[in-house]
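Thanks for asking me to look this one over. Here are my notes, in the order in which I would go through the model with you.

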Amino acid sequence: MSQTYMDQESDSYNDIRPTFYIGQHDSTRSETLTDLQYGQVLNSGFSYVTTPITNKNFHGRVVNLLKTTLMDAKANEKAGSVPDPVVPPLTTEDTNLFPGTYTSGLVAYSSPWIDLCSPNHVVSSISRQVLNLEVSYANFCGVRSIIVPGPRQDSNQTGSSQGITQYARAIKEAFSIGTRVNIIIHIPMYREPSLEEKVPLLSPFDEDVSETPPKGQEIDLFGSWDSWHVIRTVCDYDTRLLVALKIPRVLPEKELQTRWFSEPVQYLTFAPQTFQTNKAGHPSLSRHHQEMIFTYMRLKNAPYFLLCDVGPELEADPSPKEITAADFPSLVEAAAQQTASSSGSKFHGLNTYSAYLRHLERQQEPLSELEQTTLTNFQDWLQSPLQPLSDNLESVTYEVFEGDPVKYFQYEMAIAAALTEWAALGKPTSSPGGEVVIAVAGSGRGPLVTRALRASQSTGVPVRVWGVEKNPNAYVYLLRQNQREWNGSVTVVKTDMRAWKGPIISDSASTSAPTYGKVDILVSELLGSFGDNELSPECLDGIQHVLAPTYGISIPASYTAHLSPISTPRLYADIRQRALTADENAFDTPWVVRLFALDFVAERGVPGHPRFQEAWEFEHPLPQSTLDAVEARRAGGVAGGGGGSMAGAVGANDHNTRHCHLTFVCRSRGVIHGLAGYFEAVLYAPTIGGAEGEEDAKIELSTLPENIDKKSKDMISWFPIFFPLKQPLYFPPDTELEVSMWRQTDDAKVWYEWMVEAFMWVGPSQRVKVGGSDLCSSHKVACLL
């Protein structure tokens with residue numbers, strides 16, 4: 001079998017693919033493996049194994065304690081008294097796990113017979129004590145991960161909600177005992193019957209408690225996730241709490257798969273029932289399972305695989321013998337043995353299931369160069385937004401931006417289109433020599449300057465280029481570029497673009513005051529992850545006075561901000577940890593992050609309420625009437641009908657405030673942790689050469705997941721922005737999430753405010769509010785003007 005799979009592999013061994021780490025779990029194993037048995041498992045193609053913490057002897061002691069306690073409780077029943085048995089400490093007869101050289105490489109599996117959800121106080125108390133004893137001892141032995149079987153019924157089932165909260169509280173208590181271990185809840189993707197634990201619980205020993213769940217009920221696909229959500233909520237999103245996800249034979253709808261993809265999944269577990277048999281009689285997985293696995297393996301912290309009850313059959317460990325030199329072959333003998341073994345099956349002794357996963361490992365698409373160098377490393381990594389007006393960026397930051405050829409190619413196409421139309425329409429230029437005057441506002445290290453010169457060469461339209469940059473360090477680099485790369489054809493100016501008076505057109509030999517001209521094409525790359533979050537509107541407003549009033553062109557011409565509510569448990573846990581330790585403004589910060597492990601909770605394709613909705617738009621240049629009103633306010637006038645901004649300033653920047661109110665429809669219940677923000681920008685929209693307003697003629701940038709491949713495929717300059725909620729917002733099925741957001745200013749800074757409310761319809765014309773977030777604000781970390 002193994003040879004059959006491996007014969008199909010390609011020879012492209014130089015390709016880099018995610019690595020599969022495959023473990024083995026035996027639900028009937030009651031003792032820690034001996035060294036010999038451990039070696040047998042590893043030789044079967046596994047990377048690690050699970051181990052029970054306690055053995056049958058301990059189980060028997062606990063059962064006897066339970067029986068004795070229940071009989072005593074019946075014999076001495078008194079009103080108001082609650083029996084509270086104490087599980088005695090572990091002894092050497094109760095466990096085969098001891099500190100050793102490879103103990104830290106073992107994954108502990110807590111006793112599957114404990115019942116933390118039991119409504120019987122005695123059973124739940126004993127179960128909780130057993131868990132604490134096992135966690136404490138495994139922590140002492142050096143084990144780093146403990147898998148705990150999840151609850152066997154979900155909170156949505158009648159009478160089970162108490163059990164889930166009991167379970168969650170017990171896990172939270174275990175964290176205070178196992179201070180160095182990860183606790184991993186083993187829970188099914190949904191309650192497929194074949195995934196249930198077969199080990200009997202403690203509860204059946206109590207004749208007053210029935211373990212049998214109701215039969216014939218419809219399976220609630222999200223019930224298992226609901227239980228997990230209760231557990232991690234009670235545990236305050238502890239970063240040491242993870243999931244071992246049981247994969248069913250029949251995969252559910254994509255919506256549930258995506259929900260689990262957003263969760264901190266540490267293990268994907270497969271039982272023999274999950275596999276199907278191919279024509280050759282070997283285990284295999286469906287195409288849907290393979291696609292799911294390949295998706296998970298693109299995670300930066302990809303889950304491990306855990307094969308349950310798939311063998312191998314382990315031989316008993318004979319009594320150890322004294323090892324002599326005769327037991328070790330010479331180098332010649334070892335080489336001969338290697339040659340002999342390789343002449344047979346290449347993969348003799350491999351477990352058929354692990355061999356199949358190794359086959360899948362080689363079937364993955366290789367990681368692209370972009371994934372290897374950038375995209376994977378930045379997955380779900382929080383970055384504070386740039387403050388380019390108040391901070392001077394370092395060279396390495398500019399270098400990262402310049403590594404995106406897609407963005408600069410689009411800019412070059414936009415400049416070339418603008419130049420072509422300028423010449424075709426015979427527009428007058430602002431240069432005495434007839435050249436089109438281009439100014440690059442915020443030139444950085446000059447990539448847009450280079451693209452402007454290339455566009456001039458490709459179109460044959462002569463230009464005069466000005467590079468405006470306030471960063472004194474980048475200014476030096478620009479001067480060097482002008483000497484080495486641009487042959488002195490660029491005029492470099494060191495100033496804040498808002499204070500620049502424009503190109504000097506008077507003769508330098510003149511003794512009179514210089515004469516300043518206008519700019520025909522103003523090019524900038526001031527866009528942020530939300531379009532306007534790095535103050536592009538304010539910067540371009542400040543430099544618009546140099547733009548030719550009639551024919552002047554701004555690149556970009558417009559940009560829109562877009563929002564979608566998302567579930568991102570990993571990010572929420574990360575932000576919460578920051579807020580508790582070092583950053584008190586963590587929940588007030590709009591974070592730039594390459595969102596990857598997330599779930600878009602809004603339904604796709606709802607008329608009038610798409611998954612991604614536009615929040616607002618900015619266009620450049622501004623109408624002259626708006627500029628006149630701004631100047632009047634700065635001068636103390638009341639143009640526009642007000643005596644000043646409600647924020648306490650004169651209101652000169654109030655035209656850049658925005659507000660939106662968006663409604664998203666959610667079919668299934670879930671939880672949101674914040675809002676994902678994206679942007680789209682029209683760099684230039686040609687007016688000739690096609691139908692007016694024709695979409696295909698526009699040169700655009702987009703970070704929207706639905707449009708990025710169409711408008712700017714493989715662009716990496718901007719990651720999405722994430723507006724976090726201070727508390728996760730849970731919502732029931734068929735909910736409408738209403739998002740309110742404001743872009744606020746007081747003439748000195750710009751900040752955002754956001755809020756989410758959940759509504760549910762209870763009649764044809766009536767809704768009730770079922771939840772809502774606080775009003776969140778980034779005022780404390782506002783962008784300074």
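1. Overall picture. Please keep in mind that this is a predicted model. The protein has 785 residues, and 52% of them count as buried. Its secondary structure comprises 19 helices and 28 strands. Looking at contacts with a separation of 6 or more, 80% are between residues 24 or more positions apart.

2. The largest pocket. Two or more lining residues come from each of helix 7 (254-261), helix 8 (287-296), helix 11 (369-375), strand 18 (599-600) and helix 19 (708-712). Helix 7 gives the largest share, with six residues.

3. What classes of residue line the largest pocket? Sorted by class, the lining holds 21 nonpolar, 16 charged and eight polar residues.

4. Aromatic pairs. How many aromatic pairs does the structure hold? The number is 29. In one of them, Phe 378 and Trp 381 have ring centres 5.5 Å apart and planes at 55°, so this pair is classed as tilted.

5. An aromatic cluster. Ring pairs also join several side chains into a cluster, made of Phe 20, Phe 270, Phe 275, Phe 305, Tyr 353 and Tyr 356.

6. Helix 18. This helix spans residues 624-634, and its buried residues include Leu 627, Val 630 and Arg 633. Why do these three sit on the same side of helix 18? They do so because the arc they cover around the axis is only 125°. On the face turned away from the buried side, helix 18 carries Gln 624 and Ser 625, which are exposed. After the helix comes Gly 636, with a positive phi near 95°.

7. Ser 124. This serine belongs to helix 4 (residues 121-141). Is Ser 124 buried or exposed? Ser 124 counts as buried because its relative accessibility is 12%, and the limit for that class is under 20%. Leaving aside residues up to four places away in sequence, Ser 124 touches Asp 115, Leu 116, Ser 118 and Gln 166. Ser 124 can also be compared with Ser 203: the two are 79 residues apart in sequence, while their C-alpha atoms are 8.8 Å apart in space.

8. Ser 456. Here the residue in question lies in helix 14 (residues 447-459). With a relative accessibility of 12%, Ser 456 counts as buried. Which residues does Ser 456 touch, not counting residues up to four places away in sequence? They are Leu 419, Val 461, Pro 462 and Val 463.

Terms used
Residues are numbered from 1 along each chain as its sequence is written. This is a predicted model: local features need pLDDT of at least 70, side-chain atom pairs count only at pLDDT 80 or more; totals for chains, interfaces and linings use all residues. Side-chain values use heavy atoms; hydrogens and water are left out. Buried means under 20% relative accessible area, exposed over 50%, partly exposed in between (1.4 Å probe, protein chains only). Helices (H or I, at least four residues) and strands (E, at least two) are DSSP runs, numbered from the N terminus. The arc is that of the directions from the helix axis to the C-beta atoms. Contact means heavy atoms within 4.5 Å. Ala, Val, Leu, Ile, Met, Phe, Trp, Tyr, Cys and Pro count as nonpolar, Asp, Glu, Lys and Arg as charged, and the others, Gly among them, as polar. Rings of Phe, Tyr and Trp (its six-membered ring) pair if their centres lie within 6.5 Å; planes under 30 degrees apart count as stacked, over 60 as edge-to-face and the rest as tilted.
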